[in-house]
Amino acid sequence: MIYVGIDVAKDKHDCFITNSDGEVLFKAFTIPNNLNGFNDLYQKIASVMDDVTKVKVGLEATGHYSYNLLGYLIDKGLPTYVINPLHTNLYRKSLSLRQTKTDKVDARTIASMLMSDVNLKSYSDTSYHNEELKSLTRYRFDKVKERAKLKTSVSRLVCILFPELEKLVPTLHMASVYALLSEFPGAKHVATAHLTRLANLLSESSKGHYGKETAITFRDAAKASIGSNMPAKSLELKHTIKMILELDSEIDEIENEIKIIMDEINSPILSIPGINYRMGAMIIAEIGDFSRFDSPDKILAYAGFSPSTYQSGHLDGAYAHMEKRGSRYLRYALYNAAKYVCHWDPTFAGYLAKKRAEGKHYNVALSHAVKKLVRVIYHLEKSKQQYIKAA
């Protein structure tokens, strides 16, 4: 068996190649992060291997720095293992008490981990291409977060320029209000607006829900408003709304791409009441290949939902809090999905009510629902069965 350890960096990668007899086939060497470097590595591996199935290549999960090399290795058909840097660090410390960490040492450590066969799962072609879905869901997450900040800014600016408006509408963040404030960004602007223009603007943007009566209400409120006349704030409000509308369009485009991939995957997770394309896609993308996990508990640990364990002497479970390690995106998606599932599915609603009746805080009870949800998702993905909603 041939073992290849690779320590990934931005501009170069350190590599080490050995075999199952412990013979060093290639001492630690460095390749540049380009096609010539990748080819050089593959040629070295090819020169010592007889069968591609008798090769194991390992590298640390270093985000986007490892992505191109990982794709190259998979395209070459080499069984490749992506290792958590935390595991590498702990393994290296277990080998020696000395504080020794260099890129070349890490490459050797990764090769050693492959040799010890510490329950590692190879990174499949499906896992690699699942990165597309992960990229989209994380990109959407960041865009939504950015939009939420801008919406907070709108609320702040309206409070300065036209504070009475918020009490006249269900929410400031609706098409008709945005259209109004884009053209008349402040109480002073609305108060002096022509009534016909105001009525037409509201009617068009609200698709007929608002008309002349609403326009009169808004204008009367604006005339009596305590809002400040600040051109700088009005300009900021217009630009902020414009950025929100641009983000809305971008998020819609991202969600359309997510839906296309989810339709191709045809995951049974979407059969669970309360899980839509967005949350379902994030869960699937973050978990990736379900065969990497031996049990639902492993997924919970990966998401950081497992309680930490501390036992020493007579102290046992003194720090039984959630670990909150692993994928924060998966943790976010599972937590939010569980809330909706508990609302729409009677089985989960009953389970949450039972935990609440036991005296548990809502968040604690919901964390139990998350664990139940993960067990259900794991079973559905493994069996490829659809979720059957209780009567």
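Which residues have the most contacts inside the largest nonpolar core? They are Ile272, Ile283, Leu334 and Leu373, in a core of 45 residues. A nonpolar core here is a set of buried Ala, Val, Leu, Ile, Met, Phe, Trp, Tyr and Cys residues joined through side-chain atoms within 4.5 Å. Buried means under 20% relative accessible area, exposed means over 50%, and partly exposed lies in between (1.4 Å probe, protein chains only).

A word on the model before we go further. It is predicted, so local features need pLDDT of at least 70 and side-chain atom pairs count only at pLDDT 80 or more, while totals for chains, interfaces and linings use all residues. Residues are numbered from 1 along each chain as its sequence is written, and side-chain values use heavy atoms, with hydrogens and water left out.

Let us take the whole chain next. It has 16 helices and 7 strands; these are DSSP runs (helices H or I, at least four residues; strands E, at least two), numbered from the N terminus. Of the 391 residues, 42% are buried. Contact means heavy atoms within 4.5 Å, and among contacts in the chain with a separation of 6 or more, 63% are between residues 24 or more positions apart.

Back to the core of 45 residues. Two or more of its residues come from each of helix H6 (131–161), helix H11 (231–265), helix H12 (277–287), helix H13 (296–303), helix H14 (328–344), helix H15 (346–357) and helix H16 (362–383). H16 gives the most, with 10 residues. For a view from inside, pick Ile283: leaving out residues up to four places away in sequence, Ile283 touches Ile269, Leu330, Ala333, Leu334, Ala337 and Ile377. Apart from this core lies another, of 33 residues, among them Leu157, Val177, Leu180 and Ala187.

Now follow H13, where Pro296, Ile299, Leu300 and Ala303 are buried. These residues are on the same side of H13 because they cover an arc of only 100° around the axis, taken from the directions from the helix axis to the C-beta atoms. In general, an α-helix has 3.6 residues a turn, so residues three or four places apart point the same way. The cover over the buried residues of H13 includes H12, H14 and H16. After H13 comes Gly304, with a positive phi near 85°.

On to the loops. Asn276 sits in the loop between H11 and H12 and is partly exposed, at 31% relative accessibility. Not counting residues up to four places away in sequence, Asn276 touches Leu270 and Ala281. Its C-alpha atom is separated by 8.5 Å from that of Ala337, 61 residues apart along the chain. In the loop between helix H10 (212–223) and H11 you will find Ser228, partly exposed with a relative accessible area of 33%. With the neighbours up to four places away left out, Ser228 touches Ile160 and Leu161.
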